[in-house]
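Visitor: I have a structure on screen and would like to learn how to read its features. Where do we begin?

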Amino acid sequence: MLRHFVLSLFLLNTAATCQVVMAQNTQAHNPVVYADVPDMSIIRVGNKYYMSSTTMHMSPGVPIMESTDLVNWKMISYAYQTLDTINSLSLKNGESTYGRGSWASCLRYHKGMYYVSTFAQPTGRTHIYKTKDIAKGPWVEHTFAPSFHDHTLFFDDDGKTYLIYGAGKLKLVELEDDLSGVKKGTEEKVIIENAALPAGNNIGLPAEGSQLFKIKGKYYLFNITWPRNSMRTVIVHRADKITGPYEGKMVLQDKGVAQGGLIDTPDGRWFAYLFQDCGSVGRIPFLVPVKWKDGWPVLGENGKVPEFLDLPANKSLIPGIVNSDEFNRKKGEPALPLVWQWNHNPDNNLWSVTERNGYLRLKTGRIDQSYTMARNTLTQRTVGPECSSSTCMDASNMKDGDCAGLSLLQKDFGWVGIRKEGNMKHLVMVNMNFADAPEVENIPLTQDKVYLKIDCDFKNRTDKAYFYYSLDGKQWTSIGKPLKMSYTIPHFMGYRYGLFNYATKEVGGFVDFDYFHIADKLSK
């Protein structure tokens with residue numbers, strides 16, 4: 001399974017260039033979400049749609065989003081606050097779980113209950129969460145070994161519950177009625193020996209990403225595969241019984257848009273929800289219209305992913321997916337809105353939005369020598385085709401060796417902020433494109449308050465970020481060198497903005513962030 005994972009990531013570098021069209025009319029356009037929302041699983045309950053996605057090493061995890069039109073989504077929940085407290089999920093003892101954590105989830109609604117299942121390499125387990133209230137929870141967890149790769153959870157009409165999982169060779173297991181594990185006395189069954197075969201014999205990535213649907217008495221199993229020297233491709237198998245036999249077809253091969261499943265609208269239309277690898281912004285959702293012919297779903301318009309859709313127009317991803325934050329909290333409001341996620345599990349003793357009213361305080365509690373191994377980096381997605389974020393930081397309580405500021409999180413990261421050396425503060429820009437000497441600019445600083453800004457340009461795979469500072473919040477100055485952003489194997493995630501603070505010499509310092517502002521356009 002790990003080999004398949006690494007191979008799929010390596011092949012990301014050969015993906016077709018993402019193509020994005022911004023509509024000028026009242027129709028929706030693809031991508032429907034220009035941000036990192038991969039491995040989607042979507043259900044409809046009445047007139048509302050719900051979607052789960054992958055955020056892997058982030059905490060909390062398995063985000064849940066809601067929509068009334070399949071196009072415009074807002075965050076409403078997470079399936080879990082903490083996947084596990086092991087070292088690698090908490091950035092402890094030099095361990096991390098970048099690119100792992102929890103992977104492709106499956107969202108289902110059954111007999112008045114919502115279910116989200118996922119699996120995790122770090123824990124070696126499958127995790128199933130359930131709730132009656134998808135927005136408010138609480139979520140109840142069942143977890144068991146092993147970790148079933150890219151599984152689909154399925155409640156059949158006869159009352160039995162199954163998982164289908166695997167890569168290439170797809171297998172079926174039946175679960176206990178309470179979903180506490182594989183049903184005693186049953187064995188796994190191979191239902192498809194080579195699920196990639198409809199796409200040919202020259203396959204790089206074996207078929208995986210299973211999602212199963214039952215429509216008019218037939219079972220339809222969606223998978224992704226990747227033929228060599230080609231692109232991500234959608235495979236569908238169908239059967240009259242869940243155990244098979246299955247017959248398969250290649251149903252879409254266009255622009256690398258693949259991996260997902262089927263969703264219907266209240267008025268009887270069908271769509272496939274899929275995603276595309278789109279460089280450093282991440283993996284972005286598309287919708288493809290579906291017609292039915294001879295009992296098979298026919299995806300796209302003449303086999304192509306359309307630019308426009310007969311759905312309501314796309315609105316900004318602000319405030320539903322990302323949002324600005326003034327860090328002012330009224331009584332009863334959560335400490336952090338749902339748009340925020342921590343890089344790995346946080347140390348909750350070392351951050352606060354109440355110790356200084358209207359500010360996010362990040363405190364140091366241990367020594368770290370690396371930005372990517374520092375705890376309590378608070379993140380939000382970047383969004384395309386372009387975006388900008390800014391903050392104001394009070395550094396008056398930093399200690400010798402502390403580093404703090406505004407960042408872009410990925411393996412090839414960059415940040416602008418303050419590094420304190422002795423009694424002196426230095427405004428610095430760090431750029432991992434220059435790994436041998438990443439601190440590409442250093443400016444002595446004689447004041448405690450500084451304004452920081454990062455612009456990201458994802459248009460036409462430009463994938464460049466630009467860094468700025470201001471001493472008064474009005475006049476901005478470029479600092480350092482542009483960061484060439486790159487979607488890399490170790491992190492397996494689109495770039496994220498981050499607010500951070502870590503100590504390299506002594507603990508006990510802290511910084512205060514006055515606000516975080518995000519816009520879906522460049523600042524200049």
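Guide: Begin with Cys 392, which is buried, at a relative accessible area of 4%. Buried means under 20% relative accessible area, exposed means over 50%, and partly exposed lies in between (1.4 Å probe, protein chains only). This is a predicted model: local features need pLDDT of at least 70, side-chain atom pairs count only at pLDDT 80 or more, and totals for chains, interfaces and linings use all residues. Residues are numbered from 1 along each chain as its sequence is written, and side-chain values use heavy atoms, with hydrogens and water left out.

Visitor: How many disulfides does a search of the whole structure find?

Guide: A disulfide is a covalent bond between the sulfur atoms of two cysteines. The cut-off here is a pair of cysteine sulfur atoms within 2.5 Å. The search finds zero. The cysteine sulfur closest to that of Cys 392 is in Cys 403, 19 Å away, so the two are too far apart for a bond. Cys 403 is also buried, at 5% relative accessibility.

Visitor: Which way do the residues of strand S8 point?

Guide: In a regular strand the side chains alternate between the two faces of the sheet. Strands here are DSSP runs (E, at least two residues), numbered from the N terminus. In S8, Met 113, Tyr 115, Ser 117 and Phe 119 point one way. Tyr 114, Val 116, Thr 118 and Ala 120 point the other way. Strand S8 covers residues 113-120, and eight of its eight residues are buried.

Visitor: Which strands pair with S8?

Guide: Two strands pair if DSSP finds at least two bridges between them. Strand S7 (residues 106-110) pairs with S8 in the antiparallel sense over five bridges. Arg 108 has Tyr 115 as its bridge partner in S8. Two residues separate S7 and S8 in their hairpin, and Lys 111 in the turn has a positive phi of about 50°. S8 also pairs with strand S9 (residues 125-131), antiparallel, over seven bridges. There, Phe 119 stands opposite Thr 126. The S8 and S9 hairpin has four residues between the strands, and Gly 124 takes a positive phi near 70°.

Visitor: What is the order of the strands in the open sheet?

Guide: The order is S15-S16-S17-S18, with antiparallel pairing. S15 (203-215) and S18 (247-252) stand at the edges with a single partner strand each, so one side of each has no neighbour in the sheet. Neighbouring strands are turned by 25° against each other on average, direction ignored. That angle is taken between axes, lines fitted to C-alpha atoms; angles run from 0 to 180 degrees between N-to-C directions. Five bridges join S17 (residues 233-239) to S18. Ile 235 stands opposite Met 250 in S18.

Visitor: Which residues have the most contacts inside the largest nonpolar core?

Guide: In soluble globular proteins, nonpolar side chains tend to be buried together. A nonpolar core is a set of buried Ala, Val, Leu, Ile, Met, Phe, Trp, Tyr and Cys residues joined through side-chain atoms within 4.5 Å. The largest has 90 residues, and Leu 299 and Leu 408 have the most contacts inside it. Contact means heavy atoms within 4.5 Å. Leaving aside neighbours within four places in sequence, Leu 299 is in contact with residues including Phe 222, Val 234, Val 251 and Leu 274.
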